[in-house]
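Me: Could you walk me through this two-chain model, one question at a time? I would like the cut-offs spelled out as we go.

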Amino acid sequence: MTILEFTGVVAIVSFVAGLLGSLTGLGGGVVLVPLLTIFFHVDIRYAIGASLVSVIATSSGAAAAYVKEGFSNIRIGMFLEIATTFGALLGAFLATRIPTSALAVIFGATLLYSAFLSRKPRTEAQRNLPPDPLATRLRMNGSFPDLGGPRSYNVQRVPAGFSLMFGAGALSGLLGIGSGAVKVLAMDQAMRIPFKVSTTTSNFMIGVTAAASAGIYLSRGYIDPGLAMPVMLGVLGGSLLGSRILVKAETKSLRLVFSVVILVLGLQMLYNGFWGKI
Amino acid sequence: MPAAQAPLRQPHPFIPQPWRDRRIEVILGNLLRTGVLLSAAVVLSGACVYLHRHAHEPADYRVFRGEPSEFRTIPGVIQSVINGRGRGLIQLGLLILIATPIARVAFSVVGFAIERDRMYVAFTLIVLVILLYSLLGSGIRL
């Protein structure tokens, strides 16, 4: 394949990755890493470098729209980001001391179960819970532009969400992937934050987390300009389109897309774990 | 549009919004958009130079060789841009892209300070410090 053909095909694949990444709050890496390594025979280190670029491009590309429209909750994001970054430090410390294959299998199984859980829409009673004292103290409750007009929400179970975010950070330090999935699930399932707010706030957080490790990958020479260029431009286009779709989309369809993507991610984790590829 | 901001179901009438000041949201949104568009423009111009010169060479990423130092350090990238290299321009665009989330966190500190929200100024500063610590402690050569 010539460089021109390679650039074109990778840009198209990246466009799809950016679209799915911005709709689900998972970032483009989930789709990109397996595709680049399996179909384009890209070395895993170049693929990881490209994936890092794709995560930041998804996050920043979609964020402009999400911030202006008032979807992502910066307070929730900043507060939880503390847990994620400390978790990532712990994960990097544990990386040489924990069998990552076993961890990948457990994480994969958890994702399969979560794919099933996250399909269920919330009941009316679950939506109108009274404010939680801790969440109120932390000024996390807010509102977002729902399809029928602005809708307010009360954040629940902050300690559970904070702990899960710590785990998400540790996982990303240990396995290098999948923290976006835990972030969305922690906000959606544990903290009962509306799905669109969960995915867009996760979209904000993954960019910050990825920027923190960008220095390591750049100085180790993982970020190749020839590969990162079509990835960045494609993902950016996809995420801009994704952010427009999310604003108008039904939560039900977004949940469906999300659960399919984390189902695939779960299977990928099980495969990597059982065949010792992680 | 203050009228549209009133929530339909309001369990608590005076709950603060994520950003009470709409201006901060608009400034932040514009800041992000500018950063992203600037980085895309730089990457795209680098891509034109790179593809113009190398379009018909074979693409091979099977073997990891690591990047030469001109694409691994900030002074190296700047030097290769001055030398008129397409890939140097692409790396410069990627550096601008990496800077956008950092700028976003830094601006949020200012935003919370304008709102006189001391608690969140502290939270955001913690995130900013960890972010800069892991960026600068990672061996990246400025």
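Reply: Happy to! Two residues are in contact if their C-beta atoms, placed from the backbone, lie within 7 Å. This is a predicted model, so local features need pLDDT of at least 70 and side-chain atom pairs count only at pLDDT 80 or more, while totals for chains, interfaces and linings use all residues. Residues are numbered from 1 along each chain as its sequence is written, and chains are lettered from A and ligands numbered from 1 in the order in which they are written.

Me: Of the contacts in chain A with a separation of 6 or more, what share comes from residues 24 or more positions apart?
Reply: Take the contacts in chain A whose partners have a separation of 6 or more. Residues 24 or more positions apart account for 80%.

Me: How many helices and strands does chain A have?
Reply: Helices (H or I, at least four residues) and strands (E, at least two) are DSSP runs, numbered from the N terminus. From that end, chain A runs α-α-α-α-α-α-α-β-β-α-α-α-α-α. That gives 12 helices and two strands.

Me: What radius of gyration does chain A have, with its 278 residues?
Reply: The radius is taken over C-alpha atoms, and the globule rule is 2.2 Å times the number of residues to the power 0.38. For 278 residues, a compact globule would therefore come near 19 Å. Chain A agrees with that, at 18 Å.

Me: Which residue of β2(A) is the bridge partner of A:D146?
Reply: Strands β1 (residues 142-146) and β2 (residues 149-153) of chain A run antiparallel and are joined by five bridges; two strands pair if DSSP finds at least two bridges between them. They form a hairpin with two residues between them. The partner of A:D146 is A:G149.

Me: On which residue is the kink in α4(A) centred?
Reply: At 1.5 Å a residue, the 21 residues of α4 (residues 74-94) of chain A should span 30 Å, and the end C-alpha atoms are 30 Å apart, which agrees; the expected span is 1.5 Å times one less than the number of residues. The bend at a residue is the angle between axes fitted to the seven residues ending there and the seven starting there. α4(A) has a kink of about 30°, centred on A:E81.

Me: Which helices do the buried residues of α9(A) pack against?
Reply: A residue is buried if 20 or more other C-beta atoms lie within 10 Å of its own, exposed if 12 or fewer, and partly exposed in between, with C-beta atoms placed from the backbone. By that test 10 of the 12 residues of α9(A) are buried, among them A:V184 and A:L185. They pack against α5 (100-117), α8 (158-175), α10 (195-219) and α12 (251-274) of chain A.

Me: Which element gives the most to the side of chain B that touches chain A?
Reply: Chain B has four helices and zero strands, and 67 of its residues are in contact with 63 residues of chain A. The elements giving two or more residues to that side are α1 (22-54), α3 (86-114) and α4 (118-136) of chain B. With 16 residues, the one that gives the most is α1(B).
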